[in-house]
Amino acid sequence: MRLDPFKLERYLAQYEFSAPHQLSCSDCDGLALGDVLALAGDETRRLWDDLRLGYTESSGHPLLRAEIAGQYTDVGEDDVLVAGPQELIFVVTNCLVRNGDHVVCTYPAYQSLYQVAESLHCEVSFWEADERSGWRFDPEVLASLVRPSTRVLVVNFPHNPTGYLPSRDEFDAIVEVARRHDLTLLCDEMYRGLEHDEAQRLPAAVDLYEHAVSLSGMSKVYGLAGLRVGWIATRDARLLKRVTGFKDYTSICSSAPSEILSLIALRARVQIVERHLARVRRNRDVLADFIDTYANLFAWNAPRAGTVCLPRVLPETLSADDLCREAVNDAGVVLVPSSVFDYGDRHVRFGLGREAFPDALAVFDRFLDAKLRGVPMQSSAAIVESPAPPAAPAPPEPAAPPEPAAPPEPAPALDASPPAEPVGSGSWDDRLASADAVPKPEVELAPEPDQELPPWEDFPPSAKDAHPVASTPLAEPAAALSATVEDALPLEPDLPEGVERGAGLLPDGFFDGEPEPLILEPEAPVDEPAPPPPGDQDS
Ligand SMILES: Cc1ncc(COP(=O)(O)O)c(C=O)c1O
């Protein structure tokens, strides 16, 4: 099995604990241990105080599973399996598909939702969100993607990275496609519960369809990513048994303290979610004002649910990669460019779950303002000042910039010579007219396997790779970077001596070229076994 690097996670790993201003995180701020314990009731406090740190039940603590099951209408505690969400994507996919199966997945996407299937030599078709219609996923387009070999439909609602949430009718139509074609529906509901208008909350997929798997967890909605606890709920008992068995090869069971803390938090979910939702709504409004202010630079479809959204960078010459690179290097502001989702170079993801979002946005505002005015931003010192964990790469020592004798002559701001029709106004078609089209993933279809494969149970994992593979690259790697922020906002002044723009945390070539795949096990021999001589097939 070959897994491509998880671009989003590799990107965030560089900055999440070293740069001071986070604008792109998808989780809500982590709760303090003491704050969680303060929410405990008598029973859970006792469980915590008496906790033994041995192995736990491999399906999850029965009280935790019962609490989780209570969130659904048609699910009992035996329909629930507790494990890390990312782990569950890996394990469930491994249990659902085999070489040559066809999978449909929402796109852009959290990478593992399709990457694991691709790595298992499945063909993946991408069901793409339509930016021009508010990031809508059209159920009719979905229906057109299904083939006889389609086994699994993977969706993620509320959607990361766009913040899209289908209407109830659309969701019913999606479930209907799965039902009509007898597909397993893997529904990533990690952000369910953070609908900006709670009346728009969708039912969980598991409550609508007997072959659905609802995936959720503690990281996003509850601000407890450090617990590494999530779950699946499904009424497909055969699948659940398989997943439970596979998990014996990954984590075996969950961490005992994490299970009890999850139980405490789930029992106090109304309190926790209310607070997080209020913060997300506030940050969304702050971002809306910001985008209005920078209507020449950004346009967006406001998110409907969850913590994230994906505004478009409007000037054609401004690469999202460059914008993000310069924001982190010059101002310590972390934004995720769409290239880490293999989704072109025209968008940036904002994350609305952090308390310090308005402050971080104010720093980004100052950064952009300085760029627009041609004034050097000298706050890379902020990165150095932030307490970095010992393992983090040491940021470069900035030379103290000499005090300029006189402030540089402010160059005219973009606003000084606006285009006749501001780019940020009008219909989406108007706004996007001058912007690059979103590149489509190029997916080459693999040949249908020419022989019927045995059912999954008879298919030892080690044998999977012995079959011809259909490894389909998702998309071209991000194009070599050409324009810089200054090219797009051509107001670059000379920097004071000793100040090096762009020196910083982003390693050279991060976005260039095809990354090395992570190889988990040796590849199957390239030579295929010789076909049996004619007439020998039955022997
Ligand atoms: C859509 C989606 N699914 C799954 C995950 C994985 O969640 P966790 O980090 O809790 O394993 C994430 C994390 O960002 C996500 O955004």
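**Note on the sheet and the ligand shell**

1. Helix 4, residues 62-69, lies across strand 3 and strand 9, and the helix runs at about 115° to strand 3. The model under discussion is a predicted one.

2. Strand 3 covers residues 80-83, with Val80 and Val82 pointing one way and Leu81 and Ala83 pointing the other way. All four of these residues are buried.

3. The partner of strand 3 is strand 9, residues 230-234, and the two pair in the antiparallel sense over four bridges. Within this pairing, Val82 has Trp231 of strand 9 as its bridge partner.

4. Both strands belong to an open sheet of seven strands, arranged in the order 3-9-8-7-6-4-5 with mixed pairing. Strand 3 and strand 5 (123-128) form the edges, each pairing on one side only. On average, neighbouring strands of the sheet are turned by 20° against each other, direction ignored. In general, the strands of a sheet pair through backbone hydrogen bonds, in either a parallel or an antiparallel manner.

5. A parallel pairing is found between strand 7 (residues 184-188) and strand 8 (residues 212-217), which are joined over four bridges. Here Leu185 stands opposite Ala212 of strand 8.

6. The ligand is surrounded by 13 residues, and the closest are Pro85, Gln86, Tyr110, Asn160 and Ser219.

Conventions:
Residues numbered from 1 in each chain as written. Predicted model: local features only at pLDDT ≥ 70, side-chain atom pairs only at ≥ 80, totals over all residues. Near = placed C-beta within 6 Å. Buried ≥ 20, exposed ≤ 12 C-beta atoms within 10 Å, placed from the backbone. Pairing = 2+ DSSP bridges. Axes fitted to C-alpha atoms, helices over the stretch in contact; angles between N-to-C directions. Contact = placed C-beta atoms within 7 Å.
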